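Please open the model in a viewer and keep the selection tool at hand. The stops below are given in the order in which they may be selected.

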Amino acid sequence: MKNLGIEDCWIVGDSYVGGLVGDNRCRITSSYSTGAVYGDYNVGGLVGRNVGIIMSSYSTGAVYGGDNVGGLVGNNDYIITSSYSTGAVYGDWTVGGLVGDNDYGSITSSYSTGAVSGRSVGGLVGDNDDGSITSSYWDKETSGQSSSAGGEGKTTAEMKQQATYVGWDFVNIWTIEEGVSYPYLRELGPTQGST
């Protein structure tokens, strides 16, 4: 999928609920969602459960769920790269600003900034079983969380500095207004929607 946007709507369901896709088994590229998402299990701002590839995508809508609740993805079993979420995340168990439960997945060059609340929570990831998380960050101040199952927590000021994002491609993929904005994707432009 390419250049898709779901804006200003409410997505409501039970399990495998996402602002763009419920259960992703393919590739999602350069896509975004700004609508609020409500569900019970495997609930994410962009994708409920990911066993495919998500790259260069984001979500901004608030996410409300029970178990495995994430700002971008509820449950990740494969690849998330160069993506982010800014929406608030409210859940009961295994709740993360970017991903609720990172089972066997890989998360690289991604970040989250939204407020996170619930039990078994993390600023970036709620629970990380056998997955890998590299060069990924969360805002400790806006999330209200000082810990995560992976990633590095930074202050808001640090999150708005290019030097924070080690190994990120700011020539082809990302851009940032130094000291003013969080990074955003060149292809999609400044973040749409709000938290």
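Begin by selecting tyrosine 90, which at 36% relative accessibility counts as partly exposed; buried means under 20% relative accessible area, exposed over 50%, and partly exposed in between, computed with a 1.4 Å probe on protein chains only. This is a predicted model, in which local features need pLDDT of at least 70 and side-chain atom pairs count only at pLDDT 80 or more, while totals for chains, interfaces and linings use all residues. Residues are numbered from 1 along each chain as its sequence is written, and side-chain values use heavy atoms, with hydrogens and water left out.

Rings of Phe, Tyr and Trp (its six-membered ring) pair if their centres lie within 6.5 Å; planes under 30 degrees apart count as stacked, over 60 as edge-to-face and the rest as tilted. The count by this rule is 17 aromatic pairs. Tyrosine 64 and tyrosine 90 form a stacked pair, with 5.0 Å from centre to centre and 15° between the planes. Tyrosine 64 belongs to strand E12 (residues 63-64) and tyrosine 90 to strand E17 (residues 89-96), so this pair links distant parts of the chain, 26 residues apart. Helices (H or I, at least four residues) and strands (E, at least two) are DSSP runs, numbered from the N terminus.

Next, select tyrosine 84 and tryptophan 174. Their ring centres are 6.0 Å apart and their planes stand at 45°, so the pair is tilted. Because tyrosine 84 lies in strand E16 (residues 84-85) and tryptophan 174 in strand E26 (residues 174-175), the pair ties together parts that are 90 residues apart in sequence. Tyrosine 84 is buried, with a relative accessible area of 0%, and tryptophan 174 is buried, also at 0%.

At tyrosine 182, look for lysine 160: its charged end sits over the ring, 5.3 Å from the ring centre. A charge sits over a ring if NZ of Lys or CZ of Arg is within 6 Å of the ring centre and within 35 degrees of the ring normal.

Turn now to the strands. An open sheet is formed by 5 strands in the order E5-E10-E15-E19-E23, with parallel pairing. Strand E5 (27-29) and strand E23 (132-134) stand at the edges with a single partner strand each, so one side of each is left without a neighbour in the sheet. Two strands pair if DSSP finds at least two bridges between them. Within this sheet, E10 is joined to strand E15 (residues 79-81) by 3 bridges, and the two run parallel. Isoleucine 53 has isoleucine 79 in E15 as its bridge partner.

Select strand E9 (residues 47-50) and strand E14 (residues 73-76), which pair in the parallel sense over 3 bridges. Here valine 73 in E14 is the bridge partner of valine 47. E14 also pairs with strand E18 (residues 99-102), in the parallel sense and over 3 bridges, where valine 99 is the bridge partner of valine 73.

For the last stop, select serine 56, in the loop between strand E10 (53-55) and strand E11 (58-59). At 14% relative accessibility, serine 56 counts as buried. Beyond its neighbours within four places in sequence, serine 56 is in contact (heavy atoms within 4.5 Å) with residues including Thr29, Ser82, Ile173 and Leu188.
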